[in-house]
Amino acid sequence: MKRFAVLAALPLAIAAFSASADTTDVKTQSRAVVKKMGAHCANDANCFNRYHPAIKPVLSAKPGQLITFETRDALDSDLKIDSVPKDVLAIDLNLVHPLTGPVSIEGAVRGDVLAVTLIDIEPDEYGYTTVVPGFGFLRDRFPDPFVANWKLTRVDATSDQLPGVRIPFNGFMGTVGVLPGAAEVDAWEAREAQLAKAGGVALPPQPTGALPAAVCGPNGSNKDKCLRTIPPRENGGNMDVKHMVVGTTLLLPCFVDGCGLFIGDVHYAQGDGEVAGTAIEMGAKVTVRTEVRKGMASMMKAGPHFEGGSQLKKLEPDVFHATVAYPLKKAGEVPPQHKYLNGDKIAPLTNLSEDLTSAARASLNEMIDWLSKTYSWSPVQAYVYTSVACDLRISNVVDVPNYAVTTICPLENIRK
């Protein structure tokens, strides 16, 4: 009789349990969400594409709170899965980079460090890699437009433009940083103007396409002081460091109260160097957690720091081929990075001194040629593969005059 009574009561107990919330409904984290609105950054009050302290925060969050940023692709583009090379020519580079934020972190002030731990990246289903004429490490060798369209999952990416290739998902924030203060804007704009005057590559403030328009646009309050987002600086920004994956913590010095945290330009995967100018670019939902480290910014003079544990191990290849090269060139040639200088001394030389850029170019060109011959790829297909999968590594900076750079390419991603 006792066993029957227990069995009879069991359906009532199950019914009572079923009425309770399942684990999906149990919440343990406070979360702030910066939503994406509209087709492009210009339609989105939570988006901007220049740096200036007059840009107002769109949200305030507490340290320790999860913050999800809904981000756009780096070019704020209309590219899609059937895009072709001529579509690249329609991209307006004045719109680079659409950034989500800024978010003010409560209690943070100038002089603090903001620790930003990457918790999760949820990728879009489509991404792309472009070769934009006039941009990229080998822009002299690859002057024509190209696009590889990628189908993305949380496992890997595939593209009809690189048949037989599967790129594993190792997402990270290509652009992440904090707003500069007024003093930083003045100093950085001055040094870049000085470089441009000397003939170097520098991008001055450009109000056309600048957002927010009220601050940075053609009639904006600070239109001649809003900095472009393409070069990384001491505030972070477009660092493109592939090792800043989920689980790592980025340390950023705060230049304004609240820091003004922003995220954008998320990469599905990238090789060290991002040599074609783009990685596998995508929109994504990025979740981070912040911590304020009081008064620590004085320890960060050169730029941001980041820290972590075993995350870097999974980025290393299982099978690889590598090329090593030195700063050697043909007589009469002036490398692109030196064209702004007087070429009278450089042109006749066949060996440059302590020149890592020339060594990197030579190593990369050697790898492109090897991939093309080994896999019957066109040179531009090999260039795209090196941009999304291969790593440029500094091998020595002491063996004068020939500093060495190695290009390491994983082979397990390629099916012959």
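1. The protein chain exposes about 19,600 Å², and 57% of that area is supplied by carbon and sulfur atoms. The model is a predicted one, and the values discussed here should be read accordingly.

2. On burial, 50% of the 416 residues in the protein chain are buried, where buried means under 20% relative accessible area.

3. The secondary structure of the protein chain amounts to six helices and 20 strands. With a radius of gyration of 24 Å, close to the 22 Å that the globule rule gives for 416 residues, the chain is therefore as compact as a globular protein of that length. Along the principal axes, its C-alpha atoms fill a box of roughly 100 × 55 × 45 Å.

4. Contacts in the protein chain with a separation of 6 or more were also examined: 78% of them are accounted for by residues 24 or more positions apart.

5. As to charge, the protein chain carries 41 positive and 45 negative side chains. The centres of these two sets lie 3 Å apart.

6. The buried residues of helix 6 are Val380, Gln381, Ala382, Tyr383, Val384, Tyr385, Thr386, Ser387, Val388 and Ala389.

7. Which elements cover the buried residues of helix 6? The cover includes helix 5 (356–375), together with strand 7 (126–131), strand 8 (146–152) and strand 10 (167–168). Strand 19 (391–396) and strand 20 (404–410) are also included in this cover.

Methods
Residues are numbered from 1 along each chain as its sequence is written. This is a predicted model: local features need pLDDT of at least 70, side-chain atom pairs count only at pLDDT 80 or more; totals for chains, interfaces and linings use all residues. Side-chain values use heavy atoms; hydrogens and water are left out. Helices (H or I, at least four residues) and strands (E, at least two) are DSSP runs, numbered from the N terminus. The radius of gyration is taken over C-alpha atoms; the globule rule is 2.2 Å times the number of residues to the power 0.38. Buried means under 20% relative accessible area, exposed over 50%, partly exposed in between (1.4 Å probe, protein chains only). Contact means heavy atoms within 4.5 Å. Accessible areas come from the Shrake-Rupley method with a 1.4 Å probe; for residues, only the protein chains shown count as cover. Lys and Arg count as positive and Asp and Glu as negative; His and the chain ends are not counted. The place of a charge is taken as NZ of Lys, CZ of Arg, CG of Asp or CD of Glu.
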